[in-house]
Amino acid sequence: MTSRKGGLRAFIWPAVLVYTLLFVLPAIYGAAVSLFDWNGLGTPATFKGLNNYIFILTDDAFRQSFLNTLVLAVSGGILVFLAAFCCMAVLRQMKGRGFIRSVVYLPNIISPIAIGAALSFALDSRGALNQVLGWIGLPPQSWLGPDLVFRCIIAGLAWSAAGFYVILLMSAVDGIPDDLYEAASLEGVTKLQAFRMITFPLSWDVFATCAVLWVIGSLKVFEIVLAFTGSANSGVPLTARTVAIQQYMAFNDPSGLPRLGVVSAIGVLMFLLSLVLVGLTRRLTRREALEL
């Protein structure tokens, strides 16, 4: 037994060492930098304490981007899992379901920049969607305007990400014995009732994992926003900014110097938010495991 533990430690310690060097120590260093006013290598660092955090929390742009990120996490998650649940109910017995899963997953392997750019062209004032609206007699809409652009970003993100969660949830559905569905069918259970009483409860553990993955991913949304709105250099509209975008835009002060302390403070706040949201998600999705 002792030799086995020693062998396991020999395999674990290199991974722990690499993880510490590449993730833990840089995170600690970033938290330390957040307490200073520092413009990078070759410039003096002035200790500011919590002033960077106070500046961020009182900044209207950060508060708006923070709210946008929470809205994206909640509303985008609802869209993603509604689509995933519909696929779970429909694809289980559908012929050619393997091919359909591949098609559903396809947007997930495309670059978010490419998806955002394509949707941005389609939603332009002279884009395909407004042309279709004109054909059926409806007035064109300013989809990329300040009032609608963030809703379009959420819809585009949900469309591109849904396939990943469909694949994960369908892997759980494939593990459910067909005998349960056959017995339910003999009892006169409808497909909707079978989904509610068999499919959903027996795939709950995978759903809980997917919910955590979505929460973590939604807090880092960056590329698709840039593709929708142009670029950060030309200015992303405040109504469309996520915290990741705001962190990128806050990197430089008006003089062009990097504000490493402010950016690091935003990173620390987002890390703490991630811990809170993941913990809350785990608590909400916690339940006793079902055994077949």
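**Close-up views of a predicted model**

**View 1. Lining of the largest pocket.** By class, 14 nonpolar, five polar and one charged residues make up the lining of the largest pocket in this predicted model. The volume of the largest pocket is about 650 Å³. Its lining comprises 20 residues, and those closest to the pocket centre are Ala27, Gly267, Val268, Met270 and Phe271. At least two lining residues come from each of helix H1 (2-33), helix H12 (243-249) and helix H13 (260-284).

**View 2. Contact of helices H10 and H13.** The axes of H10 (residues 204-218) and H13 come within 9 Å, crossing at roughly 165°. Angles over 145 degrees count as roughly antiparallel, and H10 and H13 are therefore roughly antiparallel to each other. Their crossing is right-handed. On the H10 side, the contact is formed by Trp204, Ala208, Ala211, Val212, Val215 and Ile216, which meet Leu277, Val278, Thr281, Arg282 and Leu284 of H13. Divided by class, the residues of this H10 and H13 contact are nine nonpolar, one polar and one charged.

**View 3. Crossing of helices H3 and H7.** Helix H3 spans residues 60-91 and helix H7 spans residues 149-174; their axes come within 7 Å and cross at roughly 45°. H3 and H7 are therefore oblique to each other. The crossing of this pair, H3 and H7, is right-handed. The contact of H3 with H7 has 22 nonpolar and three polar residues, with no charged residues.

Notes:
Residues numbered from 1 in each chain as written. Predicted model: local features only at pLDDT ≥ 70, side-chain atom pairs only at ≥ 80, totals over all residues. Heavy atoms only, no water. 1 Å grid on protein atoms, 1.4 Å probe; cavity = no way out; pocket = protein on both sides within 12 Å on 5 of 7 lines; lining within 4 Å. Points joined across faces, edges and corners; volume = space filled by probe spheres on them. Helix = DSSP H or I, 4+ residues; strand = E, 2+ residues; numbered from the N terminus. Nonpolar A, V, L, I, M, F, W, Y, C, P; charged D, E, K, R; others polar. Axes fitted to C-alpha atoms, helices over the stretch in contact; angles between N-to-C directions. Parallel < 35°, antiparallel > 145°, perpendicular 65-115°, else oblique. Left-handed = near helix turned anticlockwise from the far one by under 90°. Contact = heavy atoms within 4.5 Å.
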